[in-house]
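Morning, everyone. I'll take you through one protein model today, so please have a look at the screen.

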Amino acid sequence: LVASRSANLATESNFIAFLRARANVAPTQPSTSMPNYSAATLPDAQAKDIYAYIKTFRTHAPPVDEIPVFGQILTEAQKPYKR
């Protein structure tokens, strides 16, 4: 299942094909929770924007030292408690 999800995001054209799959047919048992969109519902330009946005997601969390807010929280947590 993970491999098929990766294949769906491998290229912009794969992603759009995934969005369009079965768009005009309502399956009795959907294979995913992702709805299918026809070109009339979601134009290609918008689908391409969604693909570009999804591709910005990181697959792994960055190292702790690269998260400034987390570092600030840790620094504050080490200070003595004040009432």
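I'll go from the overall fold to the core, then the salt bridges and the surface.

Some ground rules. This is a predicted model: local features need pLDDT of at least 70, side-chain atom pairs count only at pLDDT 80 or more, and totals for chains, interfaces and linings use all residues. Residues are numbered from 1 along each chain as its sequence is written, and side-chain values use heavy atoms, with hydrogens and water left out.

Overall fold. The protein has 4 helices and 0 strands. Helices here are DSSP runs of H or I, at least four residues, and strands are runs of E, at least two, numbered from the N terminus. From that end, the order is α-α-α-α.

What share of the 83 residues is buried? The figure is 10%. Buried means under 20% relative accessible area, exposed means over 50%, and partly exposed is in between, with a 1.4 Å probe and protein chains only.

Now contacts, meaning heavy atoms within 4.5 Å. Take those between residues at least 6 apart in sequence: 38% of them join residues at least 24 apart.

On to the core. Which residues make up the largest nonpolar core? They are F15, I16, L19, L42, A47 and Y51, 6 residues in all. By nonpolar core I mean buried Ala, Val, Leu, Ile, Met, Phe, Trp, Tyr and Cys residues joined through side-chain atoms within 4.5 Å. Helices α2 (12–20) and α3 (44–54) each supply at least two residues of this core. The largest share, 3 residues, comes from α2.

Stay with α2. Its buried residues are F15, I16, L19 and R20. Seen down the axis of α2, they fall within an arc of 135°, so they line one face of the helix. That arc is taken from the directions from the helix axis to the C-beta atoms.

Look at Y51 next. Leave aside its neighbours within four places in sequence. Y51 is then in contact with L9, A10, T11, E12 and F15. T11 is partly exposed, at 33% relative accessible area. T11 and K55 are 44 residues apart along the chain, and their C-alpha atoms are separated by 9.9 Å.

Salt bridges. The structure holds 2. The criterion is a side-chain nitrogen of Lys or Arg within 4 Å of a carboxyl oxygen of Asp or Glu. One joins D44 and R20, at 2.5 Å, N to O. This pair links distant parts of the chain: D44 is in helix α3, R20 is in helix α2, and they are 24 residues apart. Is R20 buried or exposed? R20 is buried, with a relative accessible area of 19%. D44 is partly exposed, at 39%.

E76 forms a salt bridge with K79, with the closest N and O atoms 3.0 Å apart. K79 is partly exposed, at 45% relative accessible area.

Last, the surface. The protein exposes about 7,000 Å², and carbon and sulfur atoms supply 60% of it. Areas come from the Shrake-Rupley method with a 1.4 Å probe; for residues, only the protein chains shown count as cover. Helix α4 (residues 68–77) holds L74. L74 counts as partly exposed, at 38% relative accessibility.

That's the tour. Over to you.
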